[in-house]
Amino acid sequence: MAVLLSFLEFLVGTLLHFLYDFFPYPFIAIFSATNESVFEHLKLLYFPMLLWIVPGYFIYGKKNRNYFLSSFIGLVCGLILTPVLFYLYTSYTKTSILPVDIGIFVISVVVSFALFAYIFLNYNFNFFSVKMGILLWEL
C-alpha cells in the first residue's frame with residue numbers, strides 16, 4: 001500500500017509543480033509551488049500526503065490510535081529530509097542539478113510513506129489519542 005501511495009504522491013506532486021504555471025491564481029498558489037524555492041517545493045510533499053492521510057483515517061485510523069502520530073512522523077521526516085538533502089548536495093556542487101532534485105523528491109516521498117507505514121504497522125501507542133494526533137497536525 002505504501003508503494004502505491006508513494007507513486008500516487010509522486011504523480012500528484014509533479015502535477016502540483018506545474019499547476020501554478022498553467023493557472024496563476026492566488027488560490028492555486030496555496031497548494032502549488034510558485035517559484036523554484038526549496039521551501040515552496042515542500043508543498044508538493046505536504047498537500048498530496050495530506051490528501052491521502054485524511055481519507056485513510058476513516059478507513060484505518062479509527063481502528064488504530066497511532067494513525068495520526070505515524071502519519072505526522074512520516075510527513076515531518078520527509079519535509080525535513082528534502083531541504084537537508086538539497087542543501088547538502090548543493091553545498092558540495094555549488095549548483096542545482098534537476099535529476100538530483102527530482103531524485104530528492106522521490107526519496108522524500110518514499111521515506112515519508114515507508115516510515116508512516118512502518119510505525120503504523122509495528123507500533124501501538126496506547127497513550128496517544130486521536131485528539132492529540134489532530135493537535136499535532138494543527139501545529
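Colleague: In which helix is Val3 found?

Modeller: A word on the model before we start: it is predicted, so local features need pLDDT of at least 70, side-chain atom pairs count only at pLDDT 80 or more, and totals for chains, interfaces and linings use all residues. Residues are numbered from 1 along each chain as its sequence is written, and side-chain values use heavy atoms, with hydrogens and water left out. Helices are DSSP runs of H or I with at least four residues, strands are runs of E with at least two, and both are numbered from the N terminus. On that numbering, Val3 is found in helix 1.

Colleague: Is Val3 buried or exposed?

Modeller: Buried means under 20% relative accessible area, exposed over 50%, and partly exposed in between, using a 1.4 Å probe and protein chains only. Val3 has a relative accessibility of 70%, so this residue counts as exposed.

Colleague: What separates the C-alpha atoms of Val3 and Phe113?

Modeller: Along the chain, these two residues are 110 residues apart.

Colleague: How many helices does the protein have?

Modeller: Reading along the sequence gives the pattern α-α-α-α-α-α-α. There are zero strands, and the helices come to seven.

Colleague: How are helix 5 and helix 6 oriented to each other?

Modeller: Helix 5 covers residues 67-93, and its axis is 8 Å from that of helix 6, at an angle of about 155°. Axes are lines fitted to C-alpha atoms, for helices over the stretch in contact, and angles run from 0 to 180 degrees between N-to-C directions. Angles under 35 degrees count as roughly parallel, over 145 as roughly antiparallel, 65 to 115 as roughly perpendicular and the rest as oblique. Helix 5 and helix 6 are therefore roughly antiparallel.

Colleague: And how is helix 4 oriented to helix 6?

Modeller: The axes of helix 4 (residues 43-61) and helix 6 (residues 98-122) come within 11 Å and cross at roughly 20°. That makes the two helices roughly parallel.

Colleague: Which residue forms a salt bridge with Lys43?

Modeller: A salt bridge is a side-chain nitrogen of Lys or Arg within 4 Å of a carboxyl oxygen of Asp or Glu. The structure holds one. Here the closest N and O atoms are 3.0 Å apart, and the partner of Lys43 is Glu40.
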